[in-house]
Amino acid sequence: MSLSTQDFHYICNLILDRSAIVLGAEKEYLVDLRLGILADQEGFPSISALVKQLTQTGDAGLSKKVVDALTTNETLFFRDFRPFEYLKSELLPQLIESRRHSKSLRIWSAACSTGQEPYSIAMIIDKHFPELKNWQVEILATDLSFTCLEYARKASYNQFEVNRGLPASYLVSCFDKSGDRWELKPQIRQRVQFRELNLIDPWQMPPMDMIFLRNVLIYFSPETKRTILSKIKTSLKTDSVLFLGGSETTLHLDPNYHRIDSKYNVNCYTLDKNKNKSRERRERE
Amino acid sequence: MSVLIIDDAITAQTMTLSYLKALGFRHLRCARHGHEALGILRDEGFFDLILLDWNMPCMDGLEFMRVFQSWPGADQSKVLMMTTEIETERVREALEVGVHEYLMKPFDLGLLHSKLMIMGVKLLI
């Protein structure tokens, strides 16, 4: 199956319209590969027959499947590792101290893909913070892709997925082996709530204590990045923390975010411009 | 950083060597089983990182660990077990004898890279 230039442009516009993701010319191979698989699955003789169906009928279900096929991105447990070391060793202890009266924590994994990120957070909480047992800890995980969410809810992973990034100590304490799959223990799985959400659609979230928005902004135009960062702000308390991917920044996009200095050298931001100063003060004391 | 690969399968040794070279490691050494590895360690001193297969003739990975762990200074080396053993009990056993991380075969460069990151191994690239 091969993709004509005209069909490629049609698909790029569809993806831009539905998800605000910019597909450059270098992604043509990816569109060709993934739409070829989708065309096969849906019984179309070619990609161009699939595109024809979309243009002629505006088939909403098929459009959703196309968006889903092209926006599914890779993920892994404890991706980049350092953000999770920071979470475990600095951020959670700080938040436990500052939220000790409300005994409540809200965490949002804003592009959770197949669930490895929110489950990594849930594993850390389960394994290292028994004192949070009596707290109200909500981990909300959202994604645009319903296929990813369906997979995530099952919390059942193959060997490749658990081999990649997951420390062995978590594998033995948080998973049960069932046939050739590794299933997350129910008490950890139940900590995460999944919901379909497109970041460019209108949404409202309660105030979060931390938001993971990692490796998401890279797919958007500067204008969409600004809009999303501005919306995210409404769900952050002054001392909450926003995690971005290693190659992402708020610089030149939104001056209200301040990068947090940490020995873990993680890419996280806060709205509190004095946070770094108070940390330095604490360390001096 | 020095690395000792202990694996009886030549193809697995060759593949692991090529991955390590791609990750920037230069001081690499190979042994075909635990017994040979102990000899190398005795003669050449400790290695920073040991990549250890489980099932090998003469002395398997677990036996190697039991002997090696009793040597003073063995804790200078980080050990990654790389094996076709994929049951939870096996992973637990390996951790109990002092293995730091566990990688199920088959694996590729990316998987090895992710495990070395978890172990805090400084990569040169």
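This is a predicted model: local features need pLDDT of at least 70, side-chain atom pairs count only at pLDDT 80 or more; totals for chains, interfaces and linings use all residues.
A salt bridge here is a side-chain nitrogen of Lys or Arg within 4 Å of a carboxyl oxygen of Asp or Glu. Residues are numbered from 1 along each chain as its sequence is written, chains are lettered from A and ligands numbered from 1 in the order in which they are written, and side-chain values use heavy atoms, with hydrogens and water left out.

Let us start with the charged pairs. Over all chains, the count of salt bridges comes to 23. One of them joins Asp17(A) to Arg18(A), with the closest N and O atoms 3.4 Å apart. To say how open such residues are, we use relative accessible area: under 20% is buried, over 50% is exposed, and in between is partly exposed (1.4 Å probe, protein chains only). Asp17(A) is exposed at 54%, while Arg18(A), at 36%, is partly exposed.

Next, look at helix H11 of chain A. Helices (H or I, at least four residues) and strands (E, at least two) are DSSP runs, numbered from the N terminus. Both Arg226(A) and Glu223(A) sit in H11 (residues 222-233), 3 residues apart, or about one turn of the helix. An α-helix has 3.6 residues a turn, so residues three or four places apart point the same way. The side chains of Arg226(A) and Glu223(A) form a salt bridge at 3.5 Å, N to O. Arg226(A) is partly exposed at 33%, and Glu223(A) is exposed at 51%.

Now turn to chain B, where Glu101(B) and Lys115(B) make a salt bridge at 3.1 Å, N to O. Glu101(B) belongs to strand S5 (residues 101-104) and Lys115(B) to helix H5 (residues 109-118) of chain B, so this pair ties together parts that are 14 residues apart in sequence. Back in chain A, salt bridges with shared partners link Arg99(A), Asp209(A), Lys237(A) and Asp239(A) into one network.

Axes are lines fitted to C-alpha atoms, for helices over the stretch in contact, and angles run from 0 to 180 degrees between N-to-C directions. Angles under 35 degrees count as roughly parallel, over 145 as roughly antiparallel, 65 to 115 as roughly perpendicular and the rest as oblique. In chain A, the axes of helix H1 (residues 5-19) and helix H3 (residues 47-57) come within 10 Å and cross at roughly 50°. H1(A) and H3(A) are therefore oblique to each other. In contact terms (heavy atoms within 4.5 Å), Asp7(A), Tyr10(A), Ile11(A) and Leu14(A) of H1(A) meet Ser48(A), Val51(A), Leu54(A) and Thr55(A) of H3(A). Those residues divide into 5 nonpolar, 2 polar and 1 charged, where Ala, Val, Leu, Ile, Met, Phe, Trp, Tyr, Cys and Pro count as nonpolar, Asp, Glu, Lys and Arg as charged, and the others, Gly among them, as polar.

H3(A) also packs with helix H4 (residues 60-71) of chain A, their axes coming within 9 Å and crossing at roughly 130°. This pair is therefore oblique as well. Leu50(A), Gln53(A) and Leu54(A) of H3(A) make the contact with Leu62(A), Ser63(A) and Val66(A) of H4(A). By class, the contact of H3(A) with H4(A) has 4 nonpolar, 2 polar and no charged residues.

Helix H2 (residues 34-44) and helix H3 (residues 61-69) of chain B pack at about 30°, with axes 9 Å apart. H2(B) and H3(B) are therefore roughly parallel. From H2(B), Gly34(B), Ala37(B), Leu38(B) and Leu41(B) meet Phe64(B), Val67(B) and Phe68(B) of H3(B), a contact of 6 nonpolar, 1 polar and no charged residues. The buried residues of H2(B) are Gly34(B), Ala37(B), Leu38(B), Gly39(B), Ile40(B) and Leu41(B). Their cover includes strand S1 (2-6), strand S2 (27-31), strand S3 (49-52) and H3 of chain B. After H2(B) comes Gly45(B), with a positive phi near 90°.
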